[in-house]
Amino acid sequence: MQHRLAILDDYQDVAQGFADWSSLAADGVTVTTYREPFPSPEVLESALADATIVIAMRERTAFPREVLEKLPALRLLVTTGMANASIDVAAAADLGITVCGTPGSPTAAPELTWALLLALARNIPAEDSSLRAGSWQSTVGFELAGRTLGVVGLGKIGRRIAAYGKAFGMDVLAWSQNLTDEAAAEAGVRKVSKEDLFRNSDVATLHLRLSPRSEGIVGEPELRLLGPDGILVNTARGPLVDQDALVRALAEGWIAGAALDVFDHEPLPAGHPLLTAPNTVLSPHLGYVTRESYRQFYGGALEDVKAWLAGSPLRVLSV
């Protein structure tokens, strides 16, 4: 049987270098790579109408039920990582589509989080631009040692961030809806209420999964509690934060600044207000974009395809 495999959203044109896709030729698989985002569901559905296998890079392309229903040939959908809120896994199961995940790097996103925080604290992007323009020392940064770090979501990433904070001499607070005293103590942090975390933190960093319960969990009240000297870091998901409130907070000085890797709409559209907001460091969702992470993502995706072709799917995701 012949199969067409589509690798989506290969923005950097690197997928072919991180796994030996040519090894699938013996199984009758042809591979097509798409570098650009699809501008609409209709364009996506047209491009993938005859694809039996699709590799989705994280949540760059959404697969709700209404899209999956218009992909009659699709039988295997692989997402990089072991969770993807943009894929309707229940709908896939109803339609006979197997959904599989891959391994991923536990350190890529935490390291990017800390890089953004340090860049904002020491004004590195602004100083880089200023230096290249001929100026010397145009800003005054701040040190992390002795300050308070508030970690919202003490999961795998949040625990690493808490450890980074302690290594930098910070006092670390934590909150999430399900956080227990035991889990906080095990991580060596203090469990507090959400209000107390934002009121007492110099830096608040978000590490929650996006869900109906967590969407908009940071809004005007939390940003005002963070205060005019506070910093917000979000490398989790854009909709965790009320975007309109954040834009106002930056423009009106409710907070001192924000370091952001994630946004409500990605790629971030031209003219978006965050692009001109003051006191920000922005990156284009780079948390998982490392050589080490891509080796696991694309290598794992190839393993998933081969296992599915052999009749023994790996890492199958269920509802």
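## Burial and the overall chain

A residue is called buried when its relative accessible area is under 20%, exposed when that area is over 50%, and partly exposed in between. In this predicted model, arginine 315 has a relative accessibility of 25% and therefore counts as partly exposed. Arginine 315 is found in the segment after helix α12, and its phi angle is near 50°, a positive value in a residue other than glycine. For the chain as a whole, 47% of the 319 residues count as buried.

The protein chain contains 12 helices and 12 strands. Its radius of gyration is 21 Å, close to the 20 Å that the globule rule gives for 319 residues, so the chain is as compact as a globular protein of that length. Along the principal axes, the C-alpha trace spans about 65 × 50 × 30 Å. The accessible surface of the protein chain comes to about 15,000 Å², and carbon and sulfur atoms account for 52% of that surface.

Strands of a sheet pair through backbone hydrogen bonds, in either a parallel or an antiparallel way. In this chain, 5 strands form an open sheet with parallel pairing, and their order is β2-β1-β3-β4-β5. Strands β2 (residues 29-33) and β5 (residues 98-100) stand at the edges with a single partner strand each, which means that one side of each is left without a neighbour in the sheet. On average, and with direction ignored, neighbouring strands of this sheet are turned by 15° against each other.

The parallel strands β4 (residues 76-79) and β5 are joined by 3 bridges, and leucine 77 has valine 99 in β5 as its bridge partner. Helix α12 (residues 291-309) lies across β1, β2, β3, β4 and β5, and it runs at about 160° to β4.

Leaving out residues up to four places away in sequence, leucine 76 touches Thr52, Ile53, Val54, Ile97, Thr98, Cys100, Asp304, Val305 and Trp308. Leucine 76 and glycine 96 are 20 residues apart in sequence, while their C-alpha atoms are 8.9 Å apart in space.

## The sheet of seven strands

Another open sheet has 7 strands, again with parallel pairing, in the order β8-β7-β6-β9-β10-β11-β12. Its edge strands are β8 (residues 190-191) and β12 (residues 280-282), each of which pairs on one side only. Strand β7 (residues 171-175) runs parallel to β8 and is joined to it by 2 bridges, and the bridge partner of alanine 174 in β8 is lysine 191.

Helices lie across this sheet as well. Helix α7 (residues 156-167) lies across β6, β7 and β9, running at about 175° to β6, whereas helix α11 (residues 243-252) lies across β10, β11 and β12, running at about 135° to β11.

## Loops with particular backbone features

In the loop between β11 and β12 sits proline 267, which is joined to glutamate 266 by a cis peptide bond with an omega of about -10°. Arginine 58 is placed in the loop between β3 and α3, and its phi is near 50°, a positive value in a residue other than glycine. With a relative accessible area of 13%, arginine 58 is buried.

Arginine 35 lies in the loop between β2 and α2, and because its relative accessibility is 39%, arginine 35 counts as partly exposed. Not counting residues up to four places away in sequence, arginine 35 touches Asp9, Asp10, Tyr11, Gln12 and Asp13. The C-alpha atoms of arginine 35 and phenylalanine 198 are separated by 39 Å, and these residues are 163 apart along the chain.

## What the UniProt record lists

In an unreviewed entry, UniProt lists residues 115-287 as "domain: D-isomer specific 2-hydroxyacid dehydrogenase NAD-binding". The span 115-287 is 34% helix and 16% strand, and its end C-alpha atoms lie 10 Å apart.

The unreviewed UniProt annotation "domain: D-isomer specific 2-hydroxyacid dehydrogenase catalytic" covers residues 24-314. The span 24-314 is 35% helix and 15% strand, with its end C-alpha atoms 17 Å apart.

Key:
Residues are numbered from 1 along each chain as its sequence is written. This is a predicted model: local features need pLDDT of at least 70, side-chain atom pairs count only at pLDDT 80 or more; totals for chains, interfaces and linings use all residues. Side-chain values use heavy atoms; hydrogens and water are left out. Two strands pair if DSSP finds at least two bridges between them. Helices (H or I, at least four residues) and strands (E, at least two) are DSSP runs, numbered from the N terminus. Axes are lines fitted to C-alpha atoms, for helices over the stretch in contact, and angles run from 0 to 180 degrees between N-to-C directions. Contact means heavy atoms within 4.5 Å. The radius of gyration is taken over C-alpha atoms; the globule rule is 2.2 Å times the number of residues to the power 0.38. Buried means under 20% relative accessible area, exposed over 50%, partly exposed in between (1.4 Å probe, protein chains only). Accessible areas come from the Shrake-Rupley method with a 1.4 Å probe; for residues, only the protein chains shown count as cover. UniProt positions are given in the numbering used here, feature names are shortened, and annotations may be inferred rather than shown by experiment.
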